[in-house]
Amino acid sequence: MQLILIIIIFFLIGFFSLKILIPALKIYLPDIPNNRSSHMKIKPRGGGLVFVILSLLSTIFHGNFSYLFSLPLSLISFIDDKYNISAKIRYLVQFSSAYIIIIYSPFERLSINLFKNKLDNLIVILMIVFGTSIVNFSNFMDGIDGLLAGCYSVVFFTIILKFKVIWLAPLLGGLLAFLKLNWEPSKIFMGDIGSTFLGLIYFSAILHINNLEDQLCILFIMGPIFIDALFTLIRRAYNMEDIFRPHKLHLYQRLIANGWSHKGVSIIYILNSILISLSFIFGGFYLCFISFLIACAIMYLLELKFSKPYKNNF
């Protein structure tokens, strides 16, 4: 009951804060459509600022500093929304933020007890790469109304429900408020400040789960999002394309290009995440894994039958 109350309170604060900020963000952070955009009208971005601020303020009540450790990345991402900062600088901040998250997580203390220093250092480096990959995949997949916010709402709700992670409740409340205004037809976008923040907090939440099978299930829930990002990256690398060059080649983008609505595509991804989540909650690891495979099969079917064919610069 306490968790539900926290979510509702932060939902209401987040919703009315966003309604107040939308006119200002439309002036100072307009998202002007270009050849890669999935929208046709100028809309404000930077809406992620609200659930970032609300999450940071909640730190004084629950004592988990993951939100605070994410502040440098949030700041650089917010500046990037306006001025397009160098990719090297952005990745340096991502790398540093992921490192801090790991150092102050249960994972780092566990690894020190299990491994000698050299192997421990290698594991930390691999975890940083994993964490920064999540951050960037989140950013890549924030391209249509409701998609990223919807899937993250599912996984954060699952973590809260399954593991009683109170410190995620304020973020979920703010995220749901944003989702209401980001659903098609959207009134606001979260921007890099929102997508990178969500990715880093998600990474932190995974590290605070002690059981490996549970960690994998939490990853599976975001499978529809991250499998799309990962396989598009691999495909582009295989085709000798510049993987750092902006594009419209993700499956969700090619579904939109083939005439699907933002709402329709987002619902497919979110329902897949819900299916995996429910399988985890009521059936455990093996049922969760089966549901993840079913979701992958659905995405493969969408690729074969319903998306615009993969072609660079289509």
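Which hand does the crossing of α11 and α14 have, left or right? I looked it up: the crossing is right-handed (the near helix is turned clockwise from the far one by less than a right angle).

**Ground rules.** I am working on a predicted model, where local features need pLDDT of at least 70, side-chain atom pairs count only at pLDDT 80 or more, and totals for chains, interfaces and linings use all residues. Residues are numbered from 1 along each chain as its sequence is written, and side-chain values use heavy atoms, with hydrogens and water left out. My helices are DSSP runs (H or I, at least four residues), numbered from the N terminus.

**α11 and α14.** I found that α11 (residues 212–221) and α14 (residues 262–305) cross at roughly 140 degrees, their axes coming within 9 Å. Axes here are lines fitted to C-alpha atoms over the stretch in contact, and angles run from 0 to 180 degrees between N-to-C directions. I then listed contacts (heavy atoms within 4.5 Å). From α11 the list includes Leu216, Phe220 and Ile221, and from α14 it includes Phe280, Phe285 and Phe292. By class, I get eleven nonpolar, two polar and two charged residues in this contact. Nonpolar covers Ala, Val, Leu, Ile, Met, Phe, Trp, Tyr, Cys and Pro; charged covers Asp, Glu, Lys and Arg; the others, Gly among them, are polar.

**α4 and α5.** Next I checked α4 (residues 71–83) against α5 (residues 87–103): about 160 degrees, axes 9 Å apart. They are therefore roughly antiparallel (over 145 degrees). This crossing is left-handed. Pro72, Leu73, Ile76 and Asp80 in α4 meet a group in α5 that includes Ile89 and Val93.

**α2.** I went to α2 (residues 48–62), which has 15 residues and reaches 21 Å from first C-alpha to last, close to the 21 Å expected (1.5 Å times one less than the number of residues). Among its buried residues I noted Leu49, Phe51 and Leu54 (buried means under 20% relative accessible area, with a 1.4 Å probe and protein chains only). Their cover includes α1, α3, α4, α9 and α10. Gly63 follows α2, with a positive phi near 80 degrees.

**Tyr67.** Phe197 lies 130 residues away from Tyr67 in sequence, yet 8.5 Å away C-alpha to C-alpha.

**α10.** Last, I saw that 17 of the 17 residues of α10 are buried, so α10 is largely enclosed by the rest of the structure.

Technical notes. Helices (H or I, at least four residues) and strands (E, at least two) are DSSP runs, numbered from the N terminus. Angles under 35 degrees count as roughly parallel, over 145 as roughly antiparallel, 65 to 115 as roughly perpendicular and the rest as oblique. Buried means under 20% relative accessible area, exposed over 50%, partly exposed in between (1.4 Å probe, protein chains only).
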